[in-house]
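Q: I have a structure here that is new to me. Can we go through it bit by bit?
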Amino acid sequence: MSLSSVLIAAVSLTYMAILFAIAFYGERRAALSPRVRAWVFSLSLAVYCTSWTFFGAVGQAAGQLWSFIPIYLGPVLLMLFAPWVLQKMVMISKKENITSIADFIAARYGKSQPLAVAVTLICLVGVLPYIALQLKGIVLGVTLLTGSTDTTGPVAQDTALIVSLILALFAILFGTRNLDATEHHRGLVLAIAFESVLKLLAFLAIGVFVTW
């Protein structure tokens, strides 16, 4: 059963509009209570599970269970048994007004500007293929829903371009508008937490479907 491209576009735009609305709400709302804030920040950690994770994790778990487990076991163990590592990183970042991994590494070596540039270039080269995988996962999802088999044609390329522009706009508005180590980006984190709830529900639905 395939869905129309118009329906998929309408649902996608509605979903994006909801995320923008939640982010705007989070930006303008006063600080949340400590208990609610703990839940929101905990859910925001699920940003680690991307669109490529959603597609790749299921297939890898079915074919290579033991190679699949360490991917998620490592971060869980870090959060549970080495929180002091994260606390120290946060403390250093606030003290040195650090806003990026390049600044963080350079600060440990006398705030070397050439080192910061080198780290930035390495991160850029390393992250581009991963971003491409995310876009490929989104395009694959759209093609599966529409019943198409073309994942490299003009329609697929247009889909990837539109998604990239929307994500870039979202990141500019709620992530990089103000580069301040003391800013918490409440709107961005709240939107990610909302998306994490949907991810959990989707994974649970797949698990129930596969099991029963």
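Q: Let's begin with one residue. Where does Cys123 lie?
A: This is a predicted model. In it, Cys123 lies in helix α7, which covers residues 113-146.

Q: OK, stepping back. How many helices and strands are there in the protein?
A: Nine helices and zero strands. Read along the sequence, the pattern is α-α-α-α-α-α-α-α-α.

Q: What share of the residues is buried?
A: Of the 212 residues in the protein, 22% are buried.

Q: And the surface, what does that come to?
A: The accessible surface is about 14800 Å². Carbon and sulfur atoms account for 74% of that surface.

Q: What about contacts between residues at least 6 apart in sequence: what share joins residues at least 24 apart?
A: That share is 67%.

Q: Now helix packing. At what angle do α2 and α9 pack?
A: Helix α2 (residues 34-44) and helix α9 (residues 186-211) pack at about 65°, and their axes are 7 Å apart. The two helices are therefore roughly perpendicular to each other.

Q: Is that crossing left-handed or right-handed?
A: α2 passes α9 in a left-handed crossing.

Q: Which residues meet there?
A: From α2, the residues are Val40, Phe41, Leu43 and Ser44. They meet Val189, Leu190, Ile192, Ala193, Ser196, Val197 and Leu200 in α9.

Q: How do those divide into nonpolar, polar and charged?
A: In the contact of α2 with α9, nine residues are nonpolar, two are polar and none is charged.

Q: What about α1 and α9, how do their axes cross?
A: Helix α1 spans residues 5-28. Its axis and that of α9 come within 7 Å and cross at roughly 135°. That makes α1 oblique to α9.

Q: Left-handed or right-handed, for α1 and α9?
A: This crossing is right-handed.

Q: And which residues of α1 and α9 meet?
A: On the α1 side they are Tyr15, Ile18, Leu19, Ile22, Ala23, Tyr25, Gly26 and Glu27. On the α9 side they are Arg186, Gly187, Leu188, Leu190, Ala191, Phe194, Glu195 and Leu198.

Q: How do the residues of this contact divide?
A: The contact of α1 with α9 has 11 nonpolar, two polar and three charged residues.

Q: How far is Glu195 from Val47?
A: The two are 148 residues apart along the chain, and their C-alpha atoms are separated by 8.4 Å.

Q: Last topic: where is Lys111?
A: Lys111 is in the loop between α6 (101-107) and α7.

Q: What is phi of Lys111?
A: Phi is near 55°, a positive value in a residue other than glycine.

Q: Why does Lys111 count as exposed?
A: Because its relative accessibility is 54%, and exposed means over 50%.

Methods: Residues are numbered from 1 along each chain as its sequence is written. This is a predicted model: local features need pLDDT of at least 70, side-chain atom pairs count only at pLDDT 80 or more; totals for chains, interfaces and linings use all residues. Side-chain values use heavy atoms; hydrogens and water are left out. Helices (H or I, at least four residues) and strands (E, at least two) are DSSP runs, numbered from the N terminus. Axes are lines fitted to C-alpha atoms, for helices over the stretch in contact, and angles run from 0 to 180 degrees between N-to-C directions. Angles under 35 degrees count as roughly parallel, over 145 as roughly antiparallel, 65 to 115 as roughly perpendicular and the rest as oblique. A crossing is left-handed if the near helix is turned anticlockwise from the far one by less than a right angle, and right-handed if clockwise. Contact means heavy atoms within 4.5 Å. Ala, Val, Leu, Ile, Met, Phe, Trp, Tyr, Cys and Pro count as nonpolar, Asp, Glu, Lys and Arg as charged, and the others, Gly among them, as polar. Buried means under 20% relative accessible area, exposed over 50%, partly exposed in between (1.4 Å probe, protein chains only). Accessible areas come from the Shrake-Rupley method with a 1.4 Å probe; for residues, only the protein chains shown count as cover.
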